[in-house]
Amino acid sequence: MGTRYLLVLFLVLLVLRCAEAQGADMAQQDEATSAPLLTQMQESLYSYWDSAKAAAQDLYKKTYLTTVDEKIRDMYSTSTAAVRIYTGIFTDQLLSMLKGDS
């Protein structure tokens, strides 16, 4: 739920910022020194990305649990071991098919 909530919040803020940037761009169209819309959108995206990243890091630090971290590490090592095994099986099968062995 937390990841979905952050994603939805990020998208809503992005849409609002783009609408604000377009409104500001229309008001400043006559000025020759105004930044292009793409540059404004990039800057706003970078600022929102940085703020979302900082918020996620703060949330992670607040909810950090040693047991959860250990479970995640265990799941990662188990899944990578399984992937290695199945990759080896697939490679062996592929090589035997290419060589024509039965």
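Helices (H or I, at least four residues) and strands (E, at least two) are taken here as DSSP runs, numbered from the N terminus. On that basis the protein holds 3 helices and 0 strands, and its elements run α-α-α from the N terminus on. This is a predicted model, in which local features need pLDDT of at least 70 and side-chain atom pairs count only at pLDDT 80 or more, whereas totals for chains, interfaces and linings use all residues. Residues are numbered from 1 along each chain as its sequence is written, and side-chain values use heavy atoms, with hydrogens and water left out.

**Surface and burial**
- Of the 102 residues of the protein, 9% count as buried, a term that stands for under 20% relative accessible area, with exposed meaning over 50% and partly exposed in between (1.4 Å probe, protein chains only).
- The accessible surface comes to about 9000 Å², with 64% of it belonging to carbon and sulfur atoms, as given by the Shrake-Rupley method with a 1.4 Å probe.

**Helices**
- Helix α3 (residues 66-99) has 34 residues and reaches 49 Å from its first C-alpha to its last, close to the expected 50 Å, where the expected span is 1.5 Å times one less than the number of residues.
- After α3 comes G100, whose phi is positive, near 90 degrees.
- α2 has 26 residues and reaches 37 Å between its first and last C-alpha, close to the 38 Å expected, and its buried residues are Q40, S44 and Y48.

**The largest pocket**
- A pocket is, on a 1 Å grid over the protein atoms alone, an open set of points where a 1.4 Å probe fits, with protein on both sides within 12 Å along at least five of seven lines, and lining residues have an atom within 4 Å of a point.
- The largest pocket has a volume of about 280 Å³, a volume being the space filled by probe spheres set on the grid points, which are joined across faces, edges and corners.
- Its lining consists of 13 residues, of which L6, L7, F10, A52 and K53 lie nearest the centre.
- α1 (2-27) and α2 (37-62) each supply at least two residues of this lining, and α2 gives the most, with 7 residues.

**Residue A52**
- A52 is found in helix α2, and it counts as partly exposed because its relative accessibility is 30%.
- The C-alpha atoms of A52 and L6 are separated by 7.8 Å, although these residues are 46 residues apart along the chain.
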